[in-house]
Amino acid sequence: MDRLTSDGEIYARLKAGDMSACRECVQQHSDELFRLANRMLQDEQAAEDVVQDTFLNAFKGLEHFDGRSTLGTWLFRITYNNALMRLRARKPVETLDGDTDLDEKTLTLAVPWREMPEAVVAQGETAAQLQATIDALPAGLRAVFQLRDVEERSTAETAEILDLTESAVKVRLHRARMLLRSRLSGYFGERVESPPMTMSCEQLMPYLSEYIDNAVDEPLATAARDHIAQCPHCHIMLDTTQRTITLMRQNKAQVIPAADRAELYQEIQKAFAARRKQSNKTKPAA
Ligand SMILES: [Zn+2]
């Protein structure tokens, strides 16, 4: 609960016009905001602009923060909306959640991955491959995956940031994971004949993501566990999906370059100082 406490404290100090709180807020949140913006826009310069706009919007509109969510959630939401606006301006017709439904191929391609230490994998060529794989998802799926599996935000928080229902978040997360897993299997997978899917595999499939998140209730959870234990197809599906999430999480080290960060911070600081001056002016003299 550290995040909650320190976010609340930072917010109180921000409202009081505390300059050091402005710095802490930017330090604490800018990289995760940048990762979300960059994930959506696939353009580092544009993502930095979005982060800057986000802090400017936030500091200008501190009054609009109602405290129902954490400061971090609120900043994520502003970032998402700013990125969305740019995305729509760029490609007005892009469907955010994509029409790429789980097709036959996604479901049937369950091949085991070559053994490899995940820690070494997220480097060089492989890191680029992971990046390309996630970048190929529709923007709406990218945002859900980024928040849930990379930034490890809850379903409820992700729903609030993206203005979606929790069940829509779950559906999109499942689609994102399945698509990523399938595409990475083309890269990491070993060619082996997998047994044809049975009816019960198909019944399990819609719950696989929730099963991974331990969000399946009994008796379905037991049935799923039993099925996975004796079905090589679903065992591989589960294993490679879990490894997909691990890989993507390890590969999140995108940060704003130091020089850009300094410049970004200067701009934000200027705006924050201007805001403080403004609110001092309107305050009655003590
Ligand atoms: Zn199965």
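Figure 1. The model shown here and in the following figures is predicted. Aspartate 163 sits in the loop that links H9 to helix H10 (166-188). Its phi is positive, at about 55°, although aspartate 163 is not a glycine. Most residues other than glycine have a negative phi.

**Figure 2. Glutamate 152 in the loop between helices H8 and H9.** The loop that holds glutamate 152 runs between helix H8 (139-150) and helix H9 (155-162). Glutamate 152 is not a glycine, yet it has a positive phi of about 60°. With 11 other C-beta atoms within 10 Å, glutamate 152 is exposed.

**Figure 3. Overview of the protein chain.** The protein chain contains 15 helices and zero strands. Of its 286 residues, 36% are buried. Among contacts with a separation of 6 or more in the protein chain, 77% are between residues 24 or more positions apart.

**Figure 4. Packing of helix H2 against helix H4.** The axes of helix H2 (residues 19-41) and helix H4 (residues 71-90) come within 9 Å of each other and cross at roughly 30°. H2 and H4 are therefore roughly parallel to each other, because angles under 35 degrees count as such. Their crossing is right-handed. On the H2 side, the contact is made by His29, Leu33, Leu36, Ala37, Met40 and Leu41. H4 contributes Gly72, Leu75, Phe76, Thr79, Tyr80, Ala83, Arg86 and Leu87.

**Figure 5. Helix H3 and its buried residues.** Helix H3 (residues 44-60) has 17 residues. From its first C-alpha to its last, H3 reaches 24 Å, close to the 24 Å expected at 1.5 Å a residue. The buried residues of H3 are Ala47, Glu48, Val50, Val51, Gln52, Thr54, Phe55 and Ala58.

Figure 6. Buried in H14 are His233, Cys234, Ile236, Met237, Thr240, Thr241, Thr244, Ile245, Leu247 and Met248. An α-helix has 3.6 residues a turn, so residues three or four places apart point the same way.

**Figure 7. Cysteine 234 and its contacts.** Cysteine 234 belongs to helix H14. It is buried, because 22 other C-beta atoms lie within 10 Å and the cut-off is 20 or more. Leaving aside residues up to four places away in sequence, cysteine 234 touches Cys201, Leu204, His227 and Ile228. Cysteine 234 and serine 200 are 34 residues apart along the chain, and their C-alpha atoms are separated by 9.9 Å.

**Figure 8. Histidine 227 and its contacts.** Histidine 227 lies in helix H13 (residues 220-230). With 17 C-beta neighbours inside 10 Å, histidine 227 counts as partly exposed. Residues up to four places away in sequence aside, histidine 227 touches Ser200, Leu204 and Cys234. Histidine 227 and serine 200 are 27 residues apart in sequence, and the distance between their C-alpha atoms is 8.0 Å.

Methods
Residues numbered from 1 in each chain as written. Predicted model: local features only at pLDDT ≥ 70, side-chain atom pairs only at ≥ 80, totals over all residues. Buried ≥ 20, exposed ≤ 12 C-beta atoms within 10 Å, placed from the backbone. Helix = DSSP H or I, 4+ residues; strand = E, 2+ residues; numbered from the N terminus. Axes fitted to C-alpha atoms, helices over the stretch in contact; angles between N-to-C directions. Parallel < 35°, antiparallel > 145°, perpendicular 65-115°, else oblique. Left-handed = near helix turned anticlockwise from the far one by under 90°. Contact = placed C-beta atoms within 7 Å. Expected span 1.5 Å × (residues − 1).
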